[in-house]
Amino acid sequence: MMGKRLHQSYEEDDSYQITQPKEIELSQKTNTQTAENANLEYKNLIYRHQQMKEVVNDRKKVPVFPQQNILANQKGMLLPQSTLEELKLYTSQVEWNCPVGEAVKIFKANPILPGIIITQEHQFVGIISRRLFFEYMSRPHSWQLFSKFPINAIYQLIKKPTIILPINTPIVEAAKQSLQRSPELLYEPIAVENEQGEYQILDVHNLMTAQSEIHESLTAALMQAEIKYRCIYENAVDGIFQTTPDGQYISVNPALARIYGYNSPEEMIHSITNIDRQLYVEPNRRHEFMAAIEKNRSVSQFESQVYRRDGSIIWISENARAVYNENGSLLYYEGAVEDITERKQAEVALRHSEAKLRKQATELATTLHQLKQTQAKLIQTEKMSTLGQLLAGVAHEINNPVNAISNNLPCLTQCVQGLLELLAIYEQIISEETPEIIAKKAEIEFDYIQEDLPRIMSAMSASSERIREIALSLRNFSRMDEGKKKLADIHQGIDSTLLILHHRLKAKGELPEIKIIKNYGELPHVKCALGQLSQVFINLIGNSIDALEQRIKQNDPNTPAPTIWIGTEVVDKNRVRICIADNGQGIAEENLPQLFEPFYTTKPVGKGTGLGLSISKQIITEKHGGKIECHSKLGEGAKFLIELPISQSE
């Protein structure tokens, strides 16, 4: 009905028939003007793009990186992901049996309308473009020929293949498809189908303008990226480079030129033509760099020494990778360089400082160890000095009355013997004894006295001599703090020690007597501090007694008789050996390395101080230039071996 109504109104409008050719001419002029405007706008876009490109290429015009994104300030600008939905689309359409004059009216009402959609019973048939429509209608006799026919008649003559695209098609893709058409169809409008199945018309000019705008936005984004990365490249603190596989620089940034001592990147590129020979201090370092990249496709913190322009040497750290083309061929190396000279110098200084601190720590530990030993020795020396003074006093006090007794005993023995002889004479002269004499002789057991008194006097003499020997041993032991070395009898020192420790060797209660087996060799007098050696003998024999007592307390019926063996022998012309062994409980092998350490003891808590063996070793090794060692196994007793030089310098 619509088509018929339009066709009738067209026939009744005589004035329209008369003016129709002028309106066609006007429409053609409008079409031409629109095309010229579009062409001018496109030229303006190209001009603006060229200006922006010049700005990018001129470093002086872009001194710093812009703070905001260029596209963020241009709202509504089309982006690469924009679709046809964002463009202006036309919806003008007529039924296919509509008269040609109706199309003329529509084109007249909208001078920039690119075409009209032709439908048949509201179904899409195609598009008749404004250009082709007026091209045919302006031909001679075309108006008289087609004015009374439906629009389908001219559409069948001028119809061309139409591109139909979904409305969500990206503008870039639509422009690509449009440009792929033949030249005569390049400016034909495109049909756009929306999600409801409705069709609209897209002017190719608008599409190309949109494509140009997207291109402009991309150009702006690229400019922004170029500005950004050029600023980064130019103002970076670290050096940035690209090199060819054969060792030439393609590009360097100002920072790298400064690191290597050049005034500009151009000067550096011109000066260094062989990186391997001119840059690296270590030969073949460049080959190692390339081999590392070839193996892992990149290197990280590749440290090397390099020459600067003035010949000085610096340390650098490189992070680089290899860049390949599509065929897998190596194009170039690129990466960054950091000057780590100060860090390396700091590391060297740190290593020297650490070495110095380690040395100081070692010296401090040694000093502390010596201090502990000295402290232990001082404690023990003070203790022994006090004990020595006490023993010296006791020996002196004992020696005086003992000397008096010892000196008077011979006279007393002689007197007693005289009295006994006198009584014998009296018995011969007096034949009869009075009852008083008989009673007194019975009371005092005169016959026993007469027989036992000489033995008593002999025992008293022997005891006084024993007391004198003990006093002499105490006096000798009291001089053990004397450090002056003299020729001395080692056996005398051992015997004096055994005399002092005699009370611990005797049987006491459940503890049996500890046997002492001596195996003395013929030793010459040894130059030594006998008092200090006596302290060593006391420590070793005392430890043996402790070990024997602990084994006895275990109540093992198979425990052998507690015994201590003491032997001496000449090792060579200038050394003697002293062996002190026991059959006590022994020492675990894992404890032997620490046995002579200060304050280390294998005795129960509260029993030992851990100083005896440490001081003994110090006396033997440091004071006398000898050596002491222990051989022992748990349950098999212990044996201490001492070797001393016979003569030594002070």
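Buried, for these notes, means under 20% relative accessible area, exposed means over 50%, and partly exposed is in between (1.4 Å probe, protein chains only).

I'm working from a predicted model, where local features need pLDDT of at least 70, side-chain atom pairs count only at pLDDT 80 or more, and totals for chains, interfaces and linings use all residues. Residues are numbered from 1 along each chain as its sequence is written, and side-chain values use heavy atoms, with hydrogens and water left out.

**Whole chain.** I looked up the secondary structure and got 19 helices and 18 strands; these are DSSP runs (helices H or I, at least four residues; strands E, at least two), numbered from the N terminus. Buried residues account for 38% of the 650 in the chain. The accessible surface is about 38400 Å², with 53% of that belonging to carbon and sulfur atoms; areas come from the Shrake-Rupley method with a 1.4 Å probe, and for residues only the protein chains shown count as cover. I also checked contacts (heavy atoms within 4.5 Å). Taking those between residues at least 6 apart in sequence, 64% join residues at least 24 apart.

**Helix α6.** This one runs over residues 151–158, and its buried residues are I151, N152, I154, Y155 and I158. Looking down the axis of α6, I find the buried residues within an arc of 165 degrees, so they line one face of the helix. The arc is taken from the directions from the helix axis to the C-beta atoms. What do the buried residues of α6 pack against? They meet β1 (93–95), α3 (100–109), β2, β3, α4 (130–137) and α5 (142–146).

**Loop between β2 and β3.** E121 sits in the loop between β2 (115–120) and β3 (123–129), and H122 lies in that loop too. I noted a phi near 55 degrees for E121 and near 65 degrees for H122. Buried or exposed? E121 is exposed at 66% relative accessible area, and H122 counts as exposed at 68%.

**Helix α12.** Residues 285–296 make up α12: twelve residues, reaching 17 Å from first C-alpha to last, close to the 16 Å expected at 1.5 Å a residue. The expected span is 1.5 Å times one less than the number of residues. R285, R286, F289, M290 and I293 are buried in α12. Seen down the axis of α12, the buried residues fall within an arc of 145 degrees, so they line one face. E294 and K295 are exposed on the other side. The buried set packs against β7 (239–243), α11 (275–278), β9 (298–307), β10 (313–324) and β11 (330–339). Just after α12, R297 takes a positive phi of about 70 degrees.

**I316.** I followed β10 to I316, which lies in that strand. I316 is buried, with 0% relative accessible area. I316 and E303 are 13 residues apart in sequence and 5.6 Å apart in space, C-alpha to C-alpha. Leaving out residues up to four places away in sequence, I316 touches Y260, F302, E303, S304, V306, V337, E338 and I340.

**Nonpolar patch.** L419, L422, L423, I425, Y426, I429 and I430 make a nonpolar surface patch of about 670 Å². Patch residues have over 30% relative accessible area and no salt bridge, with like charges joined within 9 Å and nonpolar side chains (Val, Leu, Ile, Met, Phe, Trp, Tyr) within 5 Å. A salt bridge is a side-chain nitrogen of Lys or Arg within 4 Å of a carboxyl oxygen of Asp or Glu. L419 is found in helix α13 (residues 341–429), and L419 is exposed at 53%.
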